[in-house]
Amino acid sequence: MNLASHALSEIEKGQSARLALKKISSKYNITDWKLRSKVHAIILETIRRLNYIDWVINISLKGTSISQLHPYIRSILRLAVYHLKFLSLRSSQIFPVSVRIIAKKLGKKDARFVKAIFQEIERKDLTIYFMRLSESERIGLQLFHPTWFVRYLFRLIGRSEALKLMKTNISPPHQHIRVNTLKIDPDMLQRKLSEEKIIVSTDSDLFDVLNVKKAQRPLVHSSCYKKGFFYIQNKASALVTHILNPQENDFVLDTCAAPGGKTTHIGQFMKNKGLIIALDSSSKRMRELIKTSQRQAIKIIQPLLIDSRSVTFIPEKLFDKVLIDAPCSSTGAFWSRPSRKWTVNKRLIKWLCQIQWSLMEHASGLVRPGGILVYSTCSLTIEENEMIIERFLKLNPDFRLTDATPFIGVHGFRGLNQCQRLFPQINNTDGFFIAKLTRRM
Ligand SMILES: C[S@@+](CC[C@H](N)C(=O)[O-])C[C@H]1O[C@@H](n2cnc3c(N)ncnc32)[C@H](O)[C@@H]1O
């Protein structure tokens, strides 16, 4: 409980769950990976249900709200409600421990305050409060999604499909790995992983993707991972490189490259021949890209820490292929990254659209005549996807849409049939959008 609440407080500051746990584990010298995995699962499942948990707590607070509480108290309350409501533990098993932790960390006054909130939580009949809500608010609480997103999804894909999608998002996520075919073939990797008690199966769509069925320990601890035999990558993300289809000796630009999942996959397709210019504006993520490419022994990547909208190249040296894997709302990745549900809103999406548009406008000028431009996001919104492509095609008649093959998802919306969308409830992957454009000769 103590470890989890510290990690939750770190996540509130913007850290990812994995990094928050790493930081707290090294602070308290926790080396037992089983304990770390257990805490990681508790944190993720608490975050997945955060709107419901906060709603329960807010109802029990008088004259204040959860956002105004001390971050540590907030974390302890959230974990206690998660254990009580979703792990079927009795309040007598949870509350006294939580109060003791608060007393030790913050003092008796705060412990008394927390005890009073627990008494309120036990006393409240939630059904009365629940009945006062609108339908989309109720569905949002039952399926742990923000109300604006419930309404958005209903309009986008219809009620029945939206409910299926949100139910998928709250089930345990699928895990895929992408085989580094420069180092090992998929069959051999499958055998080597089974020696490490990691059970995988081949994928019927993509030859270099394996579906993880069972793993007794985190994949990053496996020797196959450390040797660069595979990269942990969602199948939908791996599909992007298949659609870009880079070839040996190509000259490729990856405009939003870090942490390098697609860049290294591109290098793999190119069999380490040719050149990939990998741009990103985040130094932290770029460091990851460098580590990832070293582990996978991809030697043709030239990383550049820069805003890709400020890059210019001479007309004689335009690119054969350009990838824009744009920063986005991640509304398609709520399944694997549940914390994103609570940080995205419509204002942020509007702002992201402006960045996506400017990335597209700039990078398209760097594609050689006859060259390929691929635009992808892990967002479900049409504003970040089809509407960007429609506007681009209207203003850039020298580009035409091309079939985004291999086609394993569903067609793009608004008649953009050559674009491809993937959905968690249909494809068992993150939600993705991929458009492929060719610059006319
Ligand atoms: C979706 S992530 C890319 C993921 C990466 N392609 C992969 O497969 O591992 C988007 C990236 O865009 C970067 N980014 C955002 N704005 C940028 C800009 N103006 N120029 C370059 N990179 C940018 C972010 O730092 C982030 O790493």
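In this predicted model, strand β5, helix α15 and strand β6 together make a β-α-β unit that is right-handed. The two strands of that unit, β5 and β6, run parallel and are joined by 5 bridges, and within this pairing Val252 has Ile276 of β6 as its bridge partner. Strand β5 is mostly covered, with 4 of its 5 residues buried.

From here one can turn to the ligand. Around the ligand there are 19 residues, of which Cys256, Gly261, Lys262, Ser282 and Asp325 come nearest. The elements that give two or more residues to this shell are α15 (261-269) and β6 (274-280), both of which also belong to the right-handed unit described above. By class, the shell consists of 7 nonpolar, 6 polar and 6 charged residues.

At the level of the whole chain, the division is into domain 1 (2-131), domain 2 (135-169), domain 3 (175-232) and domain 4 (235-439). The centres of domain 2 and domain 4, taken over C-alpha atoms, are separated by 27 Å, and 8 residues of domain 2 are in contact with 10 residues of domain 4. On the domain 2 side of this contact, the elements that contribute two or more residues are α10 (147-157) and α11 (159-169), with α11 supplying the largest share, 4 residues. That side divides into 4 nonpolar residues, 3 polar and 1 charged.

Methods:
Residues numbered from 1 in each chain as written. Predicted model: local features only at pLDDT ≥ 70, side-chain atom pairs only at ≥ 80, totals over all residues. Domains from an automatic or database assignment. Contact = placed C-beta atoms within 7 Å. Nonpolar A, V, L, I, M, F, W, Y, C, P; charged D, E, K, R; others polar. Near = placed C-beta within 6 Å. Buried ≥ 20, exposed ≤ 12 C-beta atoms within 10 Å, placed from the backbone. Pairing = 2+ DSSP bridges. Right-handed = clockwise from strand over helix to strand, strands pointing away.
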